[in-house]
Structure formats: C-alpha cells, structure tokens
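This report covers the fold of one chain and the face that this chain turns to its partner. The sequence and the structure come first.

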Amino acid sequence: MVANVAPPPGRSLHRFANPGRFLRLSAAVLPWLAAAGLSVCAVGLAWGLVFAPRDWQQGDTVRIMYVHVPAAWWAMGGYLALAVASFVSLVWRHPLADVAAVAIAPVGAVFTAVCLATGSLWGRPMWGTWWVWDARLTSVLVLFFLYLGHIALTAAFDEPERAARPAAILALIGAVNLPIIKFSVDWWNTLHQPASVTRFDAPAVHVDILWPLLISGLGFGLAFAAIVLVRMRTVLIERRARAILAARGLEGGGVSRPVPVS
Amino acid sequence: MSEFLAMGGYAAFVWPAYALTIGAVGLLALVSWHQWRSAKAELARLEAAGLTRRGRTEGRREEE
C-alpha cells in the first residue's frame, strides 16, 4: 500500500515557494519603482505648483487639485486592488493575495486621509466650508473607515492567517462603496464638481492642466505601489519569523495548528 | 518669488495641502521602510541562532 505522505499544498514548503520568488523579484524592482515614483511626483507637483496656469475662477487654489485628485484616484484604486486581492485570497487561497491585502490597507487609508484633508483645504476658500455632509464627501469618509476597519480586523487576530477570511469578506462588502463614490456627483446634489477627467468622452480639462495632473497621478500610483511592495516584504518576513518561532515551539509563535514535520 | 509664495492670496490653503500630502506619504514610506528593516533584522537574528522552520541544521535561504 502506498500511502500518500505528501503534505497538503497549503502546508508544504510550496506555501513559501511563491513568496520566496516574490521577495527576490520585489527586491530587484523596488529601487527603480521608488526612484521613478519620487521623480515623477517631483515633476508633476512642480509643474502643478509653478508652471500650470491658475484658474480664471478659482485662482491659485486650483493647484490643490494636483495633490487632491491623484490622492483620490489612488485611494479608490487602492481599494479596488484590496478588493481584488481579497477575492483571490478568498477563492484561491493564494498566500500572496492575503499579504497584499494586509499591505494595501494602511497605504490606502493614508491616501484617503490626504484626499479628505486636501479637499477640505480646497473647499474652505472655494465653497466657504471645510466640510459638507453630501454624498461624495461622506462616501469617501466611509472609504476611510473601511480601510481602518480592515486594519483593525487584521490586527485583532493573534494568528494573522486567521484574519485573512473575515478581512477579505469585509473588503468585498465594502467594494459596493466604490461605484457610490464614483457616481455620487451624478446621482445626488453636491457642492463637489462632477467628473472632468475620467469621463466616457474626452476629458473636459485643458491640456495645460491635464498633463501635470496625469503626471502627478502616475507619480502617486508609483509611490503607492512602491510602499505596498515594501509593506508586503515586511509582512512576509514577519510571518516567516513567526513560523520559525511556532515550529520551534518558542514564545511569540502562538501555535494552535499542527506543525508540519518533514 | 514672494508673489509665487503668496499663491494669489491662497497661500494658507495651497501650501498646507502640499505640505500635508508630502508629509503624510513621506512619513508612511519612512515608517514602512523602518518596519521592513527591523523585520529583516529579527529574521536574521533567528536564522543566525540556527533556527529555521524545519529544524536546526537546514538553512536553505530563499531570498537575501
């Protein structure tokens, strides 16, 4: 009788095969990604601050757009990535997907906070108020709390692997908020202006404003990705250290699942 | 130059918006970097003590 002694895939070293490759690959990519993010951000923001024209109505406050709008794009783009990673983690149990979700949430939360704060600084001179409880602003605030909820849920478990499932479910339920944010300016009355770049027809923004905005947007995206990669590497290394401690039965390991013996 | 700094009278809104953005994202990047460094140091400490997930002797490293 031939007994199948191979451990189930989730328990074998394969669990770390892909993350190992990811650690090597990301180490090679990260310096370039960080340098690109830094320089593209510098170009976009300098262009927006110095060379882009002031708006005929809004004056120089329009320059806030070059930080506010890219932050908003990646606050939402980050949540989309969080939702996709959560789906992959939930359905295929890919070990990197859960790590990506854990890494994305704090970065998304910071970008959302930046979006809210810069929007407030823009709203005060242009709308005459720091804040208004309309659909756009409220739904972005909800996005911020969804990120915080994901962080809190992830931190609430002693064993990080156990948090993956509930956190993924939270992230997927929260994804209904994304179309609400996107279309809130069309569905409800608001002080916030409607979409002017991400429209089905051509953008309604002059190229002198559109170019620095798109470059800032690209720079923010590269920076977002670089920070997420650093955080993914951290999570993987921390989990490997935990696994070592758990396998050796040392404190801090929190062993409650069978340790594979091979 | 002073005209540039004045931002058409909106300096009190434009500059904080930029400072806040760069400060928040920069701080996040810095904190993330330091967390990675201390995680790496902790793993190196465990591995230097001869500990791996599978036993004391085998020390196949998968990354640097």
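Chain A has a mean pLDDT of 87, and 87% of its residues reach 70 or more. A stretch that falls below 50 is residues 12-16 of chain A. In the model this stretch has five contacts beyond near neighbours in sequence. Where pLDDT is low, the predicted coordinates should not be read in detail.

In secondary structure, chain A consists of seven helices, with zero strands. The order along the sequence is α-α-α-α-α-α-α. Chain A has 262 residues, of which 40% count as buried. Among contacts in chain A with a separation of 6 or more, 74% join residues 24 or more positions apart.

The contact between the chains draws on 39 residues from chain A and 29 residues from chain B. On the side of chain A that touches chain B, the elements that give two or more residues are helix H1 (14-51), helix H2 (65-92), helix H3 (95-127) and helix H7 (207-247) of chain A. Of these, H7(A) gives the most, with 13 residues.

The table gives the make-up of that side by class.

| Class, side of chain A that touches chain B | Number |
|---|---|
| Nonpolar | 23 residues |
| Polar | six residues |

Which helix gives the most to the side of chain A that touches chain B? That helix is H7(A), which spans 207-247.

Terms used
Residues numbered from 1 in each chain as written. Chains lettered and ligands numbered in written order. Predicted model: local features only at pLDDT ≥ 70, side-chain atom pairs only at ≥ 80, totals over all residues. Helix = DSSP H or I, 4+ residues; strand = E, 2+ residues; numbered from the N terminus. Buried ≥ 20, exposed ≤ 12 C-beta atoms within 10 Å, placed from the backbone. Contact = placed C-beta atoms within 7 Å. Nonpolar A, V, L, I, M, F, W, Y, C, P; charged D, E, K, R; others polar. pLDDT = per-residue confidence, 0-100.
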